[in-house]
Amino acid sequence: MSELRYDGQVVVVTGAGGGLGKAYALFFASRGASVVVNDLGGSFKGEGQGTKAADLVVDEIKKAGGKAVANYDSVEHGDRIIQTAIDAFGRIDVLLNNAGILRDISFKNMKDDDWDLIMKVHVQGAYKCARAAWPHFRKQKYGRVINTASAAGLFGSFGQCNYSAAKLAQVGFTETLAKEGQKYNILCNVIAPIAASRMTATVMPPDVLENLKPDWVVPLVAVLVHKSNVETGRIYEVGGGHVAKLRWQRAKGALLKADDSMTPGAILAKWNDVVDFSQPEYPNGVADMVAKLEEAGKLPSNEPGEKIEFK
Ligand code: NAI
C-alpha cells in the first residue's frame with residue numbers, strides 16, 4: 001500500500017510549537033508538504049510570547065530535509081499567518097486550527113478576562129485563520145480545514161465552562177463551513193483529540209499520558225485532509241489508538257397539536273416519547289425537522305406539489 005502524500009501542498013498548522021501541532025507539522029513535512037509553523041510561544045494559560053517554540057520545530061523539519069517557515073503571530077491575527085504561507089510558498093491547501101490555551105476556573109470564580117481570552121484564542125483564532133484562507137480555497141477550488149474541539153466542549157467539564165463553550169463553537173463553525181465549502185471542494189472536519197501535552201500534563205497521571213502520544217492523533221487528521229477524502233462536516237474523537245466518528249442523535253419525539261392544547265401538561269403526558277431513544281434518528285440539519293413537520297401535515301408546504309425551501 002502506498003503512503004498518503006502531500007507533495008506540492010502547503011499546510012498551515014497553528015500552535016505548532018509543541019504538543020499536537022508540532023506532531024502535525026513534523027508529519028506533513030515528512031510527507032512532502034511545505035509547512036507554516038505558527039506559534040505564539042506563550043504559556044499554556046496564554047501568558048507571554050516568544051519565537052523559540054516555532055523556530056525549534058522549523059529547524060527540526062529543515063534538518064530532516066523538509067520545507068517549513070515560522071510565524072509567531074497570535075491566531076487572533078490569522079490573516080498574517082495565512083499571508084506567511086502565501087509569501088513563503090505561494091498558496092495554502094490545508095489549515096489545521098490547533099492553537100489553544102486553558103484558563104480553568106470554576107464558573108463561580110470566573111472573571112471576564114478568563115472568558116474573553118479563551119474565546120479570543122479558540123473562537124476568534126479559528127475564525128480569523130479560516131476567513132483569511134477561504135478566498136484562496138475558493139479560487140483554487142480546493143481546501144481542507146480541521147478545527148479542534150474537545151470532549152470538554154461535547155460533554156462539559158468541571159472548571160472549564162469557558163473552554164467548553166469555545167470548543168463546542170468549533171463544531172457549529174465546522175458544520176457550517178462544511179456546508180458553505182462543499183461546492184468548492186473545501187472540506188472541513190472537527191476533532192476532539194486526547195493526547196499527552198503540556199496542557200494535559202497537569203490533569204492526567206504520567207502512566208496514562210504515556211499511552212496518549214500526540215503521534216496517535218496525527219493519522220486521522222492526515223486522512224481527513226488528504227485529497228482523497230470526501231468526508232466533511234463531521235466530528236471525530238481520537239487518541240491513544242482510538243478513532244471514532246460522533247453524530248447527533250434525535251429521540252422519537254412527540255408530535256403535539258400546535259394550538260391552545262399545547263400546554264406543559266400536554267408535553268408531560270408525552271414525555272416518554274420525547275426521551276425515547278429506542279429508534280434514534282441522526283439529523284443533519286434543520287431540513288430534517290422541517291420534513292418531519294411536513295410529513296405530519298403541520299406545515300403549509302404539505303399541500304400537494306408545494307415545497308418550502310429552507311436555506
Ligand atoms: P499545547 O499547549 O501543547 O499546544 C498548544 C500550542 O498552541 C502551544 O504551543 C501554544 O504556544 C500555542 N498557542 C497558544 N495560544 C496561541 C495563540 N494565540 N496563537 C498561536 N499559538 C498559540 O496543547 P495541545 O494539547 O497540543 O493542544 C492542541 C489543541 O488540542 C488545542 O486546541 C487544545 O485545546 C486541543 N485539545 C487537546 C487535548 C489534549 O488532550 N491534549 C484535548 C482536547 C483538545
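Author: Two residues are in contact if their C-beta atoms, placed from the backbone, lie within 7 Å. In this protein, residues 24 or more positions apart account for 64% of the contacts with a separation of 6 or more. The model is predicted; local features need pLDDT of at least 70, side-chain atom pairs count only at pLDDT 80 or more, and totals for chains, interfaces and linings use all residues. Numbering starts from 1 along each chain as its sequence is written.

Reader: How many helices and strands does the protein have?

Author: The protein has 12 helices and eight strands. The C-alpha trace spans about 70 × 50 × 40 Å along its principal axes.

Reader: What share of the 311 residues is buried?

Author: Buried residues make up 39% of them. A residue is buried if 20 or more other C-beta atoms lie within 10 Å of its own, exposed if 12 or fewer, and partly exposed in between.

Reader: What makes Lys141 count as exposed?

Author: Lys141 has 10 C-beta neighbours inside 10 Å. The cut-off for exposed is 12 or fewer, so Lys141 counts as exposed. Lys141 sits in the loop between α4 and β5 (143–148). It has a positive phi of about 50° although it is not a glycine. Most residues other than glycine have a negative phi.

Reader: Why is Asn185 called partly exposed?

Author: Asn185 has 16 other C-beta atoms within 10 Å. That value falls between 12 and 20, so the label is partly exposed. Its place is the loop between α6 (161–181) and β6 (186–193). Asn185 also takes a positive phi, about 60°, and is not a glycine.

Reader: Which residues have the most contacts inside the largest nonpolar core?

Author: They are Val12, Tyr24, Ala25, Val35 and Val37, in a core of 76 residues. Helix α4 (residues 112–140) gives the most to this core, with nine residues. A nonpolar core is a set of buried Ala, Val, Leu, Ile, Met, Phe, Trp, Tyr and Cys residues joined through C-beta atoms within 7 Å. Take Val35. Beyond its neighbours within four places in sequence, its contacts include Val11, Ala25, Phe28 and Ile61.

Reader: How do you know what span is expected for helix α2?

Author: The expected span is 1.5 Å times one less than the number of residues. Helix α2 (residues 52–63) has 12 residues, and 16 Å is expected. From first C-alpha to last, α2 reaches 16 Å, close to that value.

Reader: Which residues of α2 are buried?

Author: Ala53, Ala54, Val57, Val58 and Ile61 are buried. They cover an arc of only 130° around the axis, so they lie on the same side of α2 (the arc is that of the directions from the helix axis to the C-beta atoms). An α-helix has 3.6 residues a turn, so residues three or four places apart point the same way. Lys52 and Lys63, on the other side of α2, are exposed. The cover over the buried residues of α2 includes α1 (19–30), β2 (34–38) and β3 (67–71).

Reader: What is the order of the strands in the sheet?

Author: The open sheet of eight strands runs β3-β2-β1-β4-β5-β6-β7-β8, with mixed pairing. Two strands pair if DSSP finds at least two bridges between them. β3 and β8 each pair on one side only, which makes them the edge strands.

Reader: How many bridges join β7 to β8?

Author: Five bridges join strand β7 (residues 235–239) to β8, and the two run antiparallel. The cut-off is at least two, so they count as paired. Glu237 stands opposite Ala244 in β8, and Tyr236 has Lys245 as its bridge partner. The two strands form a hairpin with two residues between them, and Gly240 in the turn has a positive phi of about 60°.

Reader: Why does strand β8 lie largely in the open?

Author: Strand β8 (residues 242–246) has five residues, and the number buried is zero, so it lies largely in the open.

Definitions and conventions. Helix = DSSP H or I, 4+ residues; strand = E, 2+ residues; numbered from the N terminus.
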